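Trainee: I would like to learn how to read a few features of a structure. Please show me the model first.

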Amino acid sequence: MLGFLVRLLPFWIREPLIILVGTVFGVRILFMALVDGEGWVPAVIGAVFLLGAALRVRVVVHALRARRRRAPATEAELEPVTPAPVIPAPVIPAPVTPAVRRPVEKKPNAFAQASFAIGLFAVIGGALWIEGKLPEDGTAATGASRPAACRLDEDEELPSAYRSTPGAVTGADLCRALNRTELPELLGTPAERSVYASGTDNTAPLTDRKVAQPEARVEFETYTVELSATYNKLTVAQYAKLTTYGDGRDARKLTVLGRPALLTSDHMMKIQFDLGSGEGASGPVEQGPLARTLTVAFDGKDRGGSYDLTVWSESGLLPDDSALVDIAEAVLPRITRGARDQD
C-alpha cells in the first residue's frame, strides 16, 4: 500500500523523498552497527539502504542532464494566410492576417519540486524530533517530566478492614503521595522518571483479612520504591526489639518527623512460576536483591501501626540512608485520604 502511494507521487517529489529516507535510515543503521556494536547484519542492511539511495541519485542526475539537453519548447506557429483569388479586375491585395504567437507553456521546475520535497520532510522530521524532546507535561523550562500514572484496582471492592479502621488510607492515597516528580532527585537519580506506579488495597498476611495494609509501588530504571501502611498494634519499639533476635547488624534507630523510626535491611524474595508457556519452570523461593526499609510510627507516641518505606534495585545497589529519610519527610506529610470514599 505504501509503495503504491509513493508511485503516485510525481517523479521530482518521489525520487528526492526516496533518497532522503534511504540516506537517513542507512546512516542510522550503520551508526548502530559500527558505534553501538550491533553486529554485521545491521551494517549490511545500512549499506543496502545507502546503495539504493545512491542509485536513485544517479537516476535523478540522468534526468536532469536529459532536461538540459532538450531544446526549449517555443511552439510558436504562424497561422497560414489565405491568398486572394485572382480576377481580371484590378488586383486588390487581401488583408494580411498578423502572426499570432501562442504563449509558451511553462513546465514545472525540477529543482523547485525537489527543494520543496526535501524542505517539507525536513520540517516534519524536525517537528517530530522536537516533540520527542519536549517533556510530556510541557514544562520545557524546568525539564520536569510527568511521572507514570498510578494503576489502581478501581473495580475491586474495598476490604472490610478499611471500613472498620478509622483513618485508614488506601493504596491510591499512598501512590498519590509517593509518585511525585521530585522522587528521582531524592533517590539521587534526577534524570530518571517513573516507568510504573500502582496502588493496591491489601490486608496484612496471617490476619484473616482483618488488618488493613495498603501498598504503593513506583518503579524507575535504577530503583524501586514501595510504601505501605500497616494498621496493627505493633509499635516501632516492639519491632526494634524483634530485630535483636535476628540478624540486626544493619538496624538503626532514629527519629523522623518527630516519630520513632527504625532502619533495617532484608533480602527480597524471588519466585518463578510456570504459566504453561513452556518457557520456564516453577521453582522454590529464592533470595532476591537486598532492600533497605525505613519504618516510621504513625505518631510521636508510637501507639501502634507504622509506615514502611522500602527501596531496592535488581543490581543490589542501594541509596544512602539519608535518601530514605528525605523521602519519608517529603512523602509522609502528604498522605491524605480522598482517593475513595470510605464509610
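Mentor: Start with burial: a residue is buried under 20% relative accessible area, exposed over 50%, and partly exposed in between, with a 1.4 Å probe and protein chains only. This is a predicted model, in which local features need pLDDT of at least 70 and side-chain atom pairs count only at pLDDT 80 or more, while totals for chains, interfaces and linings use all residues. Residues are numbered from 1 along each chain as its sequence is written, and side-chain values use heavy atoms, with hydrogens and water left out.

Trainee: Is Cys-150 buried, exposed or partly exposed?

Mentor: Cys-150 counts as partly exposed because its relative accessibility is 29%. Cys-175, at 0%, is buried.

Trainee: Which cysteines form a disulfide?

Mentor: A disulfide is a covalent bond between the sulfur atoms of two cysteines. The criterion here is a pair of cysteine sulfur atoms within 2.5 Å. The structure holds 1 disulfide. Cys-150 and Cys-175 form it, with sulfur atoms 2.0 Å apart. The pair links distant parts of the chain, 25 residues apart: Cys-150 sits in the loop between α4 (110-133) and β1 (151-152), and Cys-175 in helix α6 (residues 171-178). The angle about the S-S bond is -95°, and the link of Cys-150 and Cys-175 is left-handed.

Trainee: How are helices assigned, and what span should α3 have?

Mentor: Helices (H or I, at least four residues) and strands (E, at least two) are DSSP runs, numbered from the N terminus. The expected span of a helix is 1.5 Å times one less than its number of residues. Helix α3 (residues 40-69) has 30 residues, so it should span 44 Å; its end C-alpha atoms are 44 Å apart, which agrees. The buried residues of α3 are Pro-42, Gly-46, Ala-53, Val-60 and Leu-64.

Trainee: How many aromatic pairs does the structure hold?

Mentor: Rings of Phe, Tyr and Trp (its six-membered ring) pair if their centres lie within 6.5 Å; planes under 30 degrees apart count as stacked, over 60 as edge-to-face and the rest as tilted. The structure holds 2 such pairs. Tyr-231 and Phe-298 have ring centres 5.0 Å apart and planes at 35°, so this pair is tilted. Phe-298 and Tyr-307 are edge-to-face, at 4.8 Å centre to centre and 75° between the planes. Tyr-231, Phe-298 and Tyr-307 form one aromatic cluster. Tyr-231 is buried at 17% relative accessible area, and Tyr-307 is buried at 12%.
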